[in-house]
Amino acid sequence: MKLVSIRTIDSKGSRLVDPVDPGEARLVDRHAREVRYLRVSLTDRCSMRCTYCMPPQGVEHVPRSEVLSLEEVVEVVAAFARWGVARVRLTGGEPTLRRDLPWLIERLARLQVGETGRALQVVMTTNGERLEALARPLRAAGLSGLSVSLDSLDPERFAAITRRDRLTRVVKGIEAAAEAGFGLKINTVAVRGFNDDELAQLCSFAWERGATPRFIELMPMAGGQLFVPGELMPAAEIRAALAKHFDTELDAEGRPDAPVGPAHYWRSTRGRSAGRRVGIIAAMTENFCASCNRLRVSATGQLHACLARDEAGDLRGALRSGRPGALAAAVAAALGEKRERHAFELDGAGGPRKAMISIGG
Ligand code: SAM
Ligand code: SF4
């Protein structure tokens, strides 16, 4: 194989290989983890104010000039696709607040992974409230999967956790997405004392709409300011709550989020729900950093190698400098900083000073 260049990142040992045969292109960190998945935040703004994600007021949004344009997003994602990233997830903030989203998705869905001939898979995470109108155009543009956040089916609880009374709109959005033919996941942050009695109901709601429910452990973002340790519902407790309603076993396929991902999947084995799957994402109590395959780009083009850390590479600066190779160098440097594991602690310490909304969840 002939290589144009191999940038070996010195003592830190991460590699950004940029070969002539891009079918071999890879992003590998110094712990031998390969990056195949990129999460790109399109905005630090949101139409909701979830209590664990955003403070109730005093949120300072970055000026629009600092946010990547959609053309810049395409440029960044195209580079990652050349280096072997197979799936990109659009997130935020609330990604559906960005105008011209179908335009962006159409461009991204045309990208190839290296020169494998395989198309880049484009998926999105959303709070769902704009999906009733957007589901069809997004599907037509080439979006293949949607994860919708939904923490409660009770209107009052929903309004309490999102600080917005919009449950009906979100449910309509989920139904429109199911009708449009999306592979759907419903993501719920499990909060002890808040929605711990609703987990089975949320599973049934998702399964009835052909979606896969997933429960996420609460993480201490924003310097722990929005985190109440007693509200963290550990994965073991989530499984125990589900076991009261369903017989489950670890899904034989283990982790269908190929090639690796943070969710562990369980399969119901009895009754009407037999064969249905439920995922649990346990960053806090069942560390999955060894199989981490992702990088995150914030709305301002900061490249975060780890969700739990503030340090980030400046992709926007590299892009706007116009210097050849600047983007690759910034990516390689950030990859070199990718730590072996996160530093979240159960008492709320160890996380980043930034909130989820500004890193991009
Ligand atoms: N606005 C979109 C949404 O809500 O799906 C996308 C962005 S949101 C930041 C992405 C995901 O992060 C959501 O599923 C949300 O529940 C989750 N999230 C936000 N803050 C969190 C926290 N402190 N701990 C665990 N999950 C969190
Ligand atoms: Fe907005 Fe999503 Fe954060 Fe809720 S979790 S405030 S919907 S970005």
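Predicted model: local features only at pLDDT ≥ 70, side-chain atom pairs only at ≥ 80, totals over all residues.
Where is Asp 100 found? Asp 100 sits in the loop between β5 and α2, where helices (H or I, at least four residues) and strands (E, at least two) are DSSP runs numbered from the N terminus.

Residues are numbered from 1 along each chain as its sequence is written, chains are lettered from A and ligands numbered from 1 in the order in which they are written, and side-chain values use heavy atoms, with hydrogens and water left out.

Let me begin with the chain as a whole. The protein chain has 10 helices and 15 strands. A compact globule of 361 residues would have a radius of gyration near 21 Å, and the 20 Å of the protein chain agrees with that; the radius is taken over C-alpha atoms, and the globule rule is 2.2 Å times the number of residues to the power 0.38. Along the principal axes, the C-alpha trace spans about 55 × 40 × 35 Å.

Of the 361 residues, 55% are buried. Buried means under 20% relative accessible area, exposed over 50%, and partly exposed in between, with a 1.4 Å probe and protein chains only. The chain exposes about 15,500 Å², of which carbon and sulfur atoms supply 48%; accessible areas come from the Shrake-Rupley method with a 1.4 Å probe, and for residues only the protein chains shown count as cover. Taking contacts (heavy atoms within 4.5 Å), 69% of those between residues at least 6 apart in sequence join residues at least 24 apart.

I turn now to ligand 1. How many residues surround ligand 1? There are 18, and the closest are Gly 93, Glu 94, Thr 125, Ser 149 and Met 219; a residue is counted if one of its heavy atoms lies within 4 Å of the molecule. By class, this shell has eight nonpolar, eight polar and two charged residues. Here Ala, Val, Leu, Ile, Met, Phe, Trp, Tyr, Cys and Pro count as nonpolar, Asp, Glu, Lys and Arg as charged, and the others, Gly among them, as polar.

For Ser 149, a polar side-chain atom lies 2.6 Å from an oxygen atom of ligand 1. For Tyr 52, an N or O atom of the side chain is 3.2 Å from a ligand oxygen. Taken alone, ligand 1 exposes 550 Å², and the protein buries 95% of that. The elements that give two or more residues to the shell are β6 (121-126) and β9 (212-217).

Ligand 2 is surrounded by Cys 46, Met 48, Arg 49, Cys 50, Cys 53, Met 54, Gly 93, Asn 127 and Ile 357. These divide into six nonpolar, two polar and one charged.

Gly 93 brings us back to the loop between β5 and α2 (101-109). A cis peptide bond joins Gly 92 and Gly 93, with omega about 25°. Further along, Asp 100 has a positive phi of about 65° although it is not a glycine. At 52% relative accessibility, Asp 100 counts as exposed.

Thr 91 lies in strand β5 (residues 87-91). Is Thr 91 buried or exposed? Its relative accessibility is 5%, so Thr 91 counts as buried. Beyond neighbours within four places in sequence, its contacts include Arg 39, Thr 43, Thr 125 and Gly 361.

Another positive phi, about 55°, belongs to Arg 163, which is not a glycine. Arg 163 is in the loop between α4 (155-162) and α5 (167-179), and at 30% relative accessibility it counts as partly exposed.

Finally, two further residues. Pro 220, in the loop between β9 and α7 (235-243), is buried, with a relative accessible area of 0%. Leaving aside neighbours within four places in sequence, Pro 220 touches several residues, including Phe 227, Met 284, Phe 344 and Pro 352. Glu 75, in helix α1 (residues 70-82), is partly exposed at 45%. Glu 75 and Leu 319 are 244 residues apart in sequence, and their C-alpha atoms are 8.5 Å apart in space.

Notes. Polar contact = N/O pair within 3.5 Å; in protein donor to acceptor, adjacent residues only side chain to side chain.
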